[in-house]
Amino acid sequence: MRAVLVTGGAGYVGSILVRRLLQRGYRVICLDALHFGGESLLDVWENEAFHFHRCDITDAAEVTAILDHYEGIDAVVHLAAVVGDPASKRQPELTHRTNWDASVHLLDQAVRHHIPRFLFASTCSNYGKMADPGGFVDETSPLAPVSLYAELKVRFEQYLLHDRGRPSWFCPTALRFATVYGISHRMRFDLTVNEFTKELALGRELVVFGEQFWRPYCHVADFSHAMLAVLEAAPEQVAGEVFNVGDNNENYTKGMLLEQLLLLFPEARIRRMELKDDPRDYRVRFDKIQKRLGFAIAHTVPEGMRDMRRLLELGLLSEPDHPRYYNIPHSAP
Ligand SMILES: NC(=O)c1ccc[n+]([C@@H]2O[C@H](COP(=O)([O-])OP(=O)(O)OC[C@H]3O[C@@H](n4cnc5c(N)ncnc54)[C@H](O)[C@@H]3O)[C@@H](O)[C@H]2O)c1
């Protein structure tokens, strides 16, 4: 049985990945500090192939000890981070320690233990603002991070793929994820599609700034499909590579998201606020992952909105405004 170490496995993305890996017969070693609780892992708890360590990855000695404890780990999937521009802006020192120092240490330990694969969760927000407002960016386009969050993602990508020096057996890959949405075992409502749908499903007025700016979107379950595609690809297909994760047809402006929402909520109250400039405005191509790995998304934004509306209208989440669903301090309106 192959073994994968996942950092941040209790999170929005990680809690789905952990289940997919277990379903496919992997042994999973999960490291998480449980900043948003551990309920997302309850039903995998008794799985014998699941090993959990409540570990803060900024504790270098503990990370070293955990890696020393296991033999035969085949891959590290590194998801744990201070996530998003607002959270990073509020906690710059913690962000440096987590997203840079701890990531470098984890990578060094992975190489020291001859773990062949290292998969890093990066972001399309590395592209910042497109040079050509009518065009697209792809993996070869210049990067223009406009936040500490994206700056450190760019810096770690560069270190992982180039600056550290790569032994011939080592297969590192960076995935630049589109903006994520969808239902997960740890919900997040600080993400555009989820937040917009939630506000309207709860009958509130939605206030939207800058509806002309582009972003690509991708369902959280499709993130896991992409990570599995990379983990199971021949090393020469993915070693030292960057892949955007998403789909060419899933680039939307906020205005286009509102059009979709109005189909679901014809009575919606929406206040559109003008925003002349946004430092992040990017429309992304995803041909590389599709052509090289045969990756295709299974979900679209309109389907994700419908799903989310159903979940909320049926009351499956008893307290959708609870701060545990936000990576930044939040209070109900
Ligand atoms: N569109 C994008 O650009 C995009 C979208 C989503 C996620 N991502 C990336 O994917 C990864 C996962 O994001 P997510 O949405 O699941 O976020 P999340 O906040 O839901 O999950 C992060 C998990 O990491 C854990 N964690 C945080 N700091 C830790 C530490 N110091 N030690 C141990 N565990 C720690 C948290 O407890 C949490 O369970 C992140 O690296 C994020 O940057 C990118």
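User: Which elements are included in what covers the buried residues of H5?

Analyst: In this predicted model, helix H5 spans residues 148-163. Its buried residues are Tyr149, Ala150, Leu152, Lys153, Val154, Phe156, Glu157 and Leu160. The cover over these residues includes helix H3 (85-90), H4, E5, strand E6 (171-177) and strand E10 (241-245).

User: Which residue with positive phi follows H5?

Analyst: Helix H5 covers residues 148-163. The residue in question has a phi near 90°, and it is Gly165.

User: Is H2 roughly parallel or roughly antiparallel to H4?

Analyst: The axes of helix H2 (residues 60-69) and helix H4 (residues 92-112) come within 10 Å and cross at roughly 25°. Angles under 35 degrees count as roughly parallel. The crossing angle therefore makes H2, relative to H4, roughly parallel.

User: How do the residues of the contact of H2 with H4 divide into nonpolar, polar and charged, and what is the handedness of the crossing?

Analyst: From H2, the contact draws on Ala60, Val63, Thr64 and Leu67, which meet His105, Leu106 and Gln109 in H4. By class, these residues divide into 4 nonpolar, 3 polar and no charged. The crossing of H2 past H4 is right-handed.

User: Why is H9 oblique to H11?

Analyst: Helix H9 takes in residues 254-264 and helix H11 residues 301-313, and their axes come within 10 Å. Angles under 35 degrees would count as roughly parallel, and 65 to 115 as roughly perpendicular, with the rest between them oblique. H9 is oblique to H11 because their axes cross at roughly 45°.

User: Which residues make the contact of H9 with H11, and how many of them are charged?

Analyst: H9 contributes Leu257, Gln260, Leu261 and Leu264. From H11 come Val301, Pro302, Met305, Arg306 and Arg309. By class, the contact has 6 nonpolar residues and 1 polar residue, and the number of charged residues is 2.

User: Which residues come nearest to the ligand, and which elements give two or more residues to the shell around it?

Analyst: There are 31 residues around the ligand, and those that come nearest are Gly8, Gly11, Tyr12, Val13 and Thr123. The elements giving two or more residues to the shell are strand E2 (27-32), strand E5 (117-123) and strand E7 (179-181).

User: How many residues of the shell around the ligand are nonpolar?

Analyst: The shell around the ligand includes 10 polar residues and 4 charged residues. The number of nonpolar residues in this shell is 17.

Notes. Residues are numbered from 1 along each chain as its sequence is written. This is a predicted model: local features need pLDDT of at least 70, side-chain atom pairs count only at pLDDT 80 or more; totals for chains, interfaces and linings use all residues. Axes are lines fitted to C-alpha atoms, for helices over the stretch in contact, and angles run from 0 to 180 degrees between N-to-C directions. Helices (H or I, at least four residues) and strands (E, at least two) are DSSP runs, numbered from the N terminus. Angles under 35 degrees count as roughly parallel, over 145 as roughly antiparallel, 65 to 115 as roughly perpendicular and the rest as oblique. Two residues are in contact if their C-beta atoms, placed from the backbone, lie within 7 Å. Ala, Val, Leu, Ile, Met, Phe, Trp, Tyr, Cys and Pro count as nonpolar, Asp, Glu, Lys and Arg as charged, and the others, Gly among them, as polar. A residue is near a molecule or strand if its C-beta atom, placed from the backbone, lies within 6 Å of it. A crossing is left-handed if the near helix is turned anticlockwise from the far one by less than a right angle, and right-handed if clockwise. A residue is buried if 20 or more other C-beta atoms lie within 10 Å of its own, exposed if 12 or fewer, and partly exposed in between; C-beta atoms are placed from the backbone.
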